[in-house]
Amino acid sequence: MNHQDLLKKIAKLESMNDQLISELNYLESLTRSLGFAEGLKTLKEAALEMINSDKKRKLKE
């Protein structure tokens, strides 16, 4: 890869990074507005708790 190709690749990756950051910020805002006090962190915790609870329930059946 030559220098110009590397610069194009960097620019593309920076753009993708900016898009991902924007999307994460939007999801963070949405989760907080839904009542998850710490945004995505507490959403993940709640999802994992639901999955574990469901697994335990299925094992008891």
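The structure is a predicted model, in which local features need pLDDT of at least 70 and side-chain atom pairs count only at pLDDT 80 or more, while totals for chains, interfaces and linings use all residues. Residues are numbered from 1 along each chain as its sequence is written, and side-chain values use heavy atoms, with hydrogens and water left out.

The side chain of Glu38 meets that of Lys41 in a salt bridge, at 3.3 Å from N to O. A salt bridge here requires a side-chain nitrogen of Lys or Arg within 4 Å of a carboxyl oxygen of Asp or Glu. Lys41 is likewise classed as partly exposed because its relative accessibility is 44%. In general, side chains of opposite charge can pair when their charged atoms come close.

## Salt bridges of Asp54

The structure holds four salt bridges. Among them is the pair of Arg57 and Asp54, whose closest N and O atoms are 2.4 Å apart. Arg57 and Asp54 are three residues apart in helix α2 (residues 40-60), so about one helical turn separates them. Helices are DSSP runs (H or I, at least four residues), numbered from the N terminus. Arg57 is partly exposed, with a relative accessible area of 44%, and Asp54 is also partly exposed, at 28% relative accessibility.

Asp54 also forms a salt bridge with Lys58, with 3.5 Å between the closest N and O atoms. Lys58 and Asp54 lie four residues apart in helix α2, and therefore about one helical turn separates this pair. Through salt bridges that share partners, Asp54, Arg57 and Lys58 are joined into one network. Lys58 is exposed, its relative accessible area being 51%.

## Nonpolar surface patch

Leu24, Tyr26, Leu27 and Leu30 make a nonpolar surface patch of about 360 Å². Patches are made of residues with over 30% relative accessible area and no salt bridge, nonpolar side chains (Val, Leu, Ile, Met, Phe, Trp, Tyr) being joined within 5 Å and like charges within 9 Å. Accessible areas come from the Shrake-Rupley method with a 1.4 Å probe, and for residues only the protein chains shown count as cover.

Leu30, one of the patch residues, lies in helix α1 (residues 3-33). Leu30 counts as partly exposed because its relative accessibility is 34%.

Key
Helices (H or I, at least four residues) and strands (E, at least two) are DSSP runs, numbered from the N terminus. Buried means under 20% relative accessible area, exposed over 50%, partly exposed in between (1.4 Å probe, protein chains only).
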